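Me: I have a structure to go through and I'm new to this. Can I ask as we go?
Reply: Go ahead.

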Amino acid sequence: MSIPRRQFIAQASAGLAGTLLAGLVSSVPGCTPAHSAVRGQLRGAGHALGHRLRDLRTIPTPSRTEEVDILIIGGGISGLAARRELQRLAPGRPTLLLELEADTGGNSASGHNARTAYPWGAHYLPIPDVRDTAVLAFLQEAGVLTGYGPAPARLPIYDETALCHDPAERLLLHGHWQAGLVPEVGVPPADRAELARFLAAMERLRHATGPDGRDLFALPLAWSSSDLATRQLDAETMADWLTRHGYHSEYLRWYLDYSYRDDFGVPAAQISAWAGLHYFAARKGRAHNAPPDAVLTWPQGNHFLANALRQQGGPGQVRANTLVFGLKAATDGRVEVLAFDNATQQSTRLLARQVVLATPWHVTKHLLPNPPLLAPLHAPWLVANLTVAAYPGGAGQPLCWDNVRYGSPALGYIDAEHQALRGFETDGPQSLTFYWALPTDAADPVAARRHALASTYDQWLTLVLTELDLMHPGLAAQVQAAELWVWGHGMVAPTPGYVWGPARQQAAQPQLGGRVHLAHTDLSGVSIFEEAFHQGIRAARAVLAEPRAS
Amino acid sequence: MGEESVLMRRRRARAAQQLAPAGAPRPAILLGSVAVIATCGLLYELIAGTLASYLLGDSVTQFSTVIGVYLFSMGVGSWLSRYLGGPLLRWFIRLEILVGLVGGASAPLLFGLFAHVGSFRVLLYGLVGLLGALVGLEIPLLLRILQGRLAFKELVARVFTFDYVGSLLAAVIFPLVLVPRLGLVRTALLFGALNVVVAGVSLLGFDETRPYRRRYLALIILALLALGVGVVGAERIQRYAEGEVFQDTVIYAQSTPYQRLVLTGNHRGELRLFLNGNLQFSSADEYRYHEALVHPAMQDRPRAHRILVLGGGDGLAVRELLKYPQVQHIRLVDLDPAMTRLFRSNQLLRELNHNSLLSSKVEVHNTDAYAWIRQDTARYDVVLVDFPDPGNYSIGKLYTTAFYQTLRQRLRPGGLVVVQATSPYVARRAYWCVVHTLAASGFSAVPYHAYVPSFGEWGYVLAQAAPGTWRPDGGPLPAGLRFATPQVINEMRRFPPDMSEVPTDINQLNNQALVRYFEEEWGPYGQ
């Protein structure tokens, strides 16, 4: 059974950059829905402004100089978490945060239509490990964690409205919507047994500790055991690990590929076994009022968390629409940062005592004079927010938060209004957020990205509507609006050797004489909230550990 | 229908007044017409009588008054026929078109306007009177047209033979074929069309109509088209009507953005409201449901004067609340404006809720209850929660700890909430899940139940914000209650073993335990 599986992976990943759209659409003959009436536009993470980094001649020279104490470059979760930590530990030291986009949040961006807010990227947080007191304190301050249950467990109590409402997930399998995403209905006994065996193995790994007493797999991943045998799993691919352990079930392989594409943008064949196991074994959340697999989510996705972080970050200024295009050591020991304000079309020279550089690596490597060698793989992503005139029903389980089609190259859609606090179902339009991690080839990631960024609104829309029609025949004709966002760089993929290889450790070292501290999940290899949050904390504490320059 | 024999006798009596000289150009056509118009005439009468008994109840009274008004109006029509002069055939053609339109439109008009007019009886008797007068003109006019063509004794014999044969036909096919197969609306439209066809046959059958034939033919085609459009529209009104979904006649149906409202009536004068096919109340025993919903709480809090009602857009719980003079202000929050509009404007429904939604003490808000309590800043002595049963995940959100905790903040110190909580007999775990969820939300929850024949055993929960005791002797009950007495209320707290407490999960937004219980337990009942 592994052979067709592999063929699929090969098809999905090999050389698809050139024929991506044509290939995916033409795989469904005679099924190209008409969509001339659909409203919407194609956006992207400020790549037009960002790409000016490649040709600095188009940017005006600085017309003024400004002095700052602590400068934070990048307003994603890492940068915002660093800012919040600095406010907590050193409220007297002013910070300035520069953000390329119109709003902070990074991958946790959101938009809204007439009915609801919706996410443009990261959109949920599994309930965190109770030992991660820093994240719990943040959530408590944000009002998401409302208290603790009785002793001795004293488990966190979460705001019920933020816990993902029931029903959470459904999977379209064999023409029927089943509850939950692990394939079950109509799955042959041998495959079910293999799924059960895998999940039981993961459950054992969740509780496993290394000789150093630490969990084998933990979040943030820096807390994981340094057990050598476990870390060696970082060298092989998850797909090889599965084969080595006798996991061949097509259903299991699909489920795992779906899961990894959802978090990392790439399937089991492209990530390390350590990361593939970490995905399942590192989640140890517990709550007084929710099961361990509960997730927190909001209509605007993790933009809720980004805004809470920003709010808790104190009065320090945040400048949006600002491109940082140069960074070097100044003669007086400070750091000279050149920033271009896209609104005023003016450049400023900033002299900072300390800098937190919380940008993704494809930006960081352009900014640092001598960037360390690091090559994170980012799959391009498509996120589509659809306004659909009819209810997306189907046989079986009714509309859930997360709705996935078995065997689909896409990741399915979430119901953006799932968390709405109201007591009626309406015939009115539905807001669905589609996710699609686009296939990318580690050997040539640029090709996939370039093709993704060159594709037109109509091409993307055809792709999304074709997938929608496969999930709900006829529904594509009911789409009224489709707002699309293409992320050229989605989330980092923990490719073999990335997490525990030497490059990542070296790249995380302070730069420019210890005055520039890097913080980003590209330096973790796993792009999830807790990781970004701790990246920010680590950088903030490193800033405060440095002696203050004059 | 026992009324029909009365009808036949009256009809025969009426016919005796209409003897007139004989004579006609093409007697066969006109005599055939007599049978048709007689059938139509009696049918309109039967339709109006049946409709009135559905909509207004008390069938003996309704049939009797409708027949009386109809026959009297026929007499008026017969008398007025003497003022018609000139070409009589032309008058007859005009008359048939008019009878067809008015008679055909009668049932759709009465159904369609039932919910929208202040005084339905004025409309009903106005229409019956007009129709009676028009039908009353028919036979005298025909007799005058045929006069001179036939000998007087032949004329009278033949006209009345056809008249009575037509009446018999109508009386037989109405209950046996037309009502069960077509329903009232389509029957009326169909026979309206037959009247128009009579006009057409008369128009084409006689040479003397040539000068105006074109113009009248156009009129006739237009009239048939209008009735045809009515038949198509009737499909929408009556889609559920014909005994397939509802056992009674649908007298009002509307699809709103939120639900489908269907009101049915039967010959016992019993009104039933269905929301999305689920029975909301029957006028026969809703007093039991609403007295049990309201009075235990009000008796327990005799000084309560600010009340919030969530759901309950029929105004029936408000009717019970208004029986307490100390109640100063009632805020009703119901999602569907169509629902509160219907119960504020329709005469029959206003009679049922005693005009409660028009009271100056009552303030109606059409918004989602969850959204309302999240933004509301007022506090209340008593909150009545009368939502639909938790049959889907959206309504299930209104039964969660998250909802009840928010609701608790809307209570004054010492305030209480009453929640309707489905049947503890049919859905035992669902019922106790609501009790346990209220308890988990910080309330002191007192379960109780009452028997409502239309629903069976029905469960409620009285939930107090602060721990307290139930006081069935707290305050006086208003006069005139038909069900609740202090003894009955006291008995409501006792649960026999087949409905007694069972362990359940707590209903939360992230588990929707209640919806699952409800589906499992009500599922076998086809709800």
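Me: How many bridges join β17(A) to strand β21 of chain A?
Reply: There are 8 bridges between β17(A) and β21 (residues 479-487) of chain A, and the two run antiparallel. Two strands pair if DSSP finds at least two bridges between them. Strands (E, at least two residues) and helices (H or I, at least four) are DSSP runs, numbered from the N terminus. Before going on, note that this is a predicted model: local features need pLDDT of at least 70, side-chain atom pairs count only at pLDDT 80 or more, and totals for chains, interfaces and linings use all residues. Residues are numbered from 1 along each chain as its sequence is written, while chains are lettered from A and ligands numbered from 1 in the order in which they are written.

Me: What stands opposite W381(A) in β21(A)?
Reply: W487(A) does.

Me: And which way does β17(A) pair with β20 of chain A?
Reply: Antiparallel, over 8 bridges, with β20 covering residues 430-437. In that pairing, L382(A) has W436(A) as its bridge partner.

Me: Is β17(A) enclosed or open?
Reply: Strand β17 (residues 381-388) of chain A is largely enclosed by the rest of the structure, because 8 of its 8 residues are buried. Buried means that 20 or more other C-beta atoms lie within 10 Å of the residue's own; 12 or fewer is exposed, in between is partly exposed, and C-beta atoms are placed from the backbone.

Me: Which residues point which way?
Reply: W381(A), V383(A), N385(A) and T387(A) point one way from β17(A), and L382(A), A384(A), L386(A) and V388(A) point the other way. In a regular strand the side chains alternate between the two faces of the sheet.

Me: Switching to chain B. What is its average pLDDT?
Reply: 87, with 91% of the residues scoring at least 70. pLDDT is the predictor's confidence in each residue, from 0 to 100.

Me: Where is it below 50?
Reply: Residues 12-25 of chain B are one such stretch, with 38 contacts in the model beyond near neighbours in sequence. Two residues are in contact if their C-beta atoms, placed from the backbone, lie within 7 Å. Residues 240-244 of chain B also stay under 50.

Me: What about the sheet in chain B, in what order do the strands come?
Reply: The order is β7-β6-β5-β8-β9-β11-β10; these 7 strands form an open sheet with mixed pairing. β7 (362-365) and β10 (444-452) stand at the edges with a single partner strand each, so one side of each has no neighbour in the sheet.

Me: How do β5 and β8 of chain B run?
Reply: Parallel, joined by 5 bridges. G311(B) has D386(B) as its bridge partner in β8(B).

Me: Now helices. How far apart are the end C-alpha atoms of α7 in chain B?
Reply: 33 Å, which agrees with the span that 23 residues (183-205) should have at 1.5 Å a residue. The expected span is 1.5 Å times one less than the number of residues. α7(B) is mostly covered, with 18 of its 23 residues buried.

Me: Why does L178(B) count as buried?
Reply: Because L178(B) has 21 C-beta neighbours inside 10 Å. L178(B) sits in helix α6 (residues 152-181) of chain B.

Me: Last one. How many residues does each chain give to the contact?
Reply: Chain B gives 23 residues and chain A gives 19. On the side of chain B, the largest share is 4 residues, from α13(B).
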